[in-house]
Amino acid sequence: MGCWRGPSTVLACLLILRPPPSPACPAACRCSSGEADCSEHALHEVPQSLSANTSTLWLGYNFIRVLGPRSFPPLPGLLRLSLPHNRLGLIHSQALVGLGALQELDLSNNYLTMLTPETFQPLTSLVMLNLGSNRLGELEPGVLRALPQLRALFLQDNPWVCSCGILPLWRWLSHNREKVREKSLLLCRVPEQLNKYPIMAFGNESFRQCQETTLFAKHYIAFLIIGPFSFIASIFFCTLMGSITVVYHNLRREHHFWRRPRICRCR
């Protein structure tokens, strides 16, 4: 073999035959076969030195409070992301950009109170979403409409507010019962008279007073703007028309005065 012709040649051969370096793994994680386990390390943010070929990322039982814009490094092959039992209270609308291949997302046992559709729009491949045991009182239907591939949804153990505002969510749940897991644990918390009442037990008649009559904040703002404006406009119009009428009558009176025949007194 030509590899034994000299020391430099031997070194070159050894470099060629050496196995490639293992992908980067953050110090707080344990990595193997595309899986990075970074759970239970008191992390306050997502590690940034993750390998690009990571397919599963475990971040449970840490102290992550916020997922800011682009919180994750480029992970085009990430399929499963697990973030349960953190202190997560806010997810920025750009936090999950670049995770288009993601299929499973676990956000359970956190402090989430609201979510926006923009946050989930990058997750066009998501099949499972776990939002159980958070602090959600309502959920915009746009959040679920942004997930065309969703097959399993967990919403149990949240303090749902069962007023007219929950009607859009109830409609989605009613038309997608096969996708909702732990249905018996979707219970009202507010108002008090409906505490622990199952959301899935509501019927159309329960929301009869809400349908077609619900007014949102933007409607009240419109009323506040249009009302005074209309009042001022009506006063201005009445004043203008009154002024025109007075001027018209004055002109007519003056016209008749000058056209009236004059009597000459001859002596």
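Trainee: Let's start with Cys162 and Cys188. Buried or exposed?
Mentor: Cys162 is buried, and Cys188 is buried too. Buried means under 20% relative accessible area, exposed means over 50%, and partly exposed is in between, with a 1.4 Å probe and protein chains only. Keep in mind that this is a predicted model: local features need pLDDT of at least 70, side-chain atom pairs count only at pLDDT 80 or more, and totals for chains, interfaces and linings use all residues. Residues are numbered from 1 along each chain as its sequence is written, and side-chain values use heavy atoms, with hydrogens and water left out.

Trainee: What joins Cys162 to Cys188?
Mentor: A disulfide, with S to S at 1.9 Å. The cut-off for a disulfide is a pair of cysteine sulfur atoms within 2.5 Å. The torsion about the S-S bond of Cys162 and Cys188 is about -90°, so this disulfide is left-handed. Cys162 lies in the loop between β10 (160-161) and α4, while Cys188 is in strand β12, so the pair ties together parts that are 26 residues apart in sequence.

Trainee: How are helices and strands called here?
Mentor: They are DSSP runs, numbered from the N terminus: helices are H or I with at least four residues, strands are E with at least two.

Trainee: How many disulfides in the whole structure?
Mentor: The search finds 4. One of them is between Cys164 and Cys210, with the sulfur atoms 1.9 Å apart. The torsion about that S-S bond is about -70°, so the Cys164 and Cys210 disulfide is left-handed. This pair links distant parts of the chain: Cys164 is in the loop between β10 and α4, Cys210 is in the loop between β12 and α5, and they are 46 residues apart.

Trainee: And how exposed are Cys164 and Cys210?
Mentor: Cys164 is partly exposed, at 30% relative accessibility. Cys210 is buried, at 3%.

Trainee: What about Cys29 and Cys38?
Mentor: A disulfide joins them, S to S 1.9 Å. Its torsion is about 105°, so the Cys29 and Cys38 disulfide is right-handed. Cys29 is buried at 9% relative accessible area, and Cys38 is buried at 0%.

Trainee: Switching to aromatics. How many pairs?
Mentor: The count comes to 3 aromatic pairs. Rings of Phe, Tyr and Trp (its six-membered ring) pair if their centres lie within 6.5 Å; planes under 30 degrees apart are stacked, over 60 edge-to-face, and the rest tilted. For Trp170 and Phe207, the centres are 5.0 Å apart and the planes are at 40°, so the pair is tilted. Trp170 lies in helix α4 (residues 167-175) and Phe207 in the loop between β12 (188-190) and α5 (217-259), so the pair ties together parts 37 residues apart in sequence.

Trainee: Which other ring pairs with Phe207?
Mentor: Phe202 does, edge-to-face: 5.5 Å centre to centre, 65° between the planes. Phe202 is buried at 12% relative accessibility, Phe207 is buried at 4%, and Trp170 is buried at 6%. Trp170, Tyr197, Phe202 and Phe207 form one aromatic cluster.

Trainee: Now the sheet. What's the strand order?
Mentor: β1-β2-β3-β5-β7-β8-β9-β11, an open sheet of 8 strands with mixed pairing. β1 (30-32) and β11 (180-181) are the edge strands, each pairing on one side only. Two strands pair if DSSP finds at least two bridges between them.

Trainee: How many bridges join β9 to β11?
Mentor: 2 bridges, and the strands run parallel; β9 covers residues 152-154. Leu153 stands opposite Val180 in β11.
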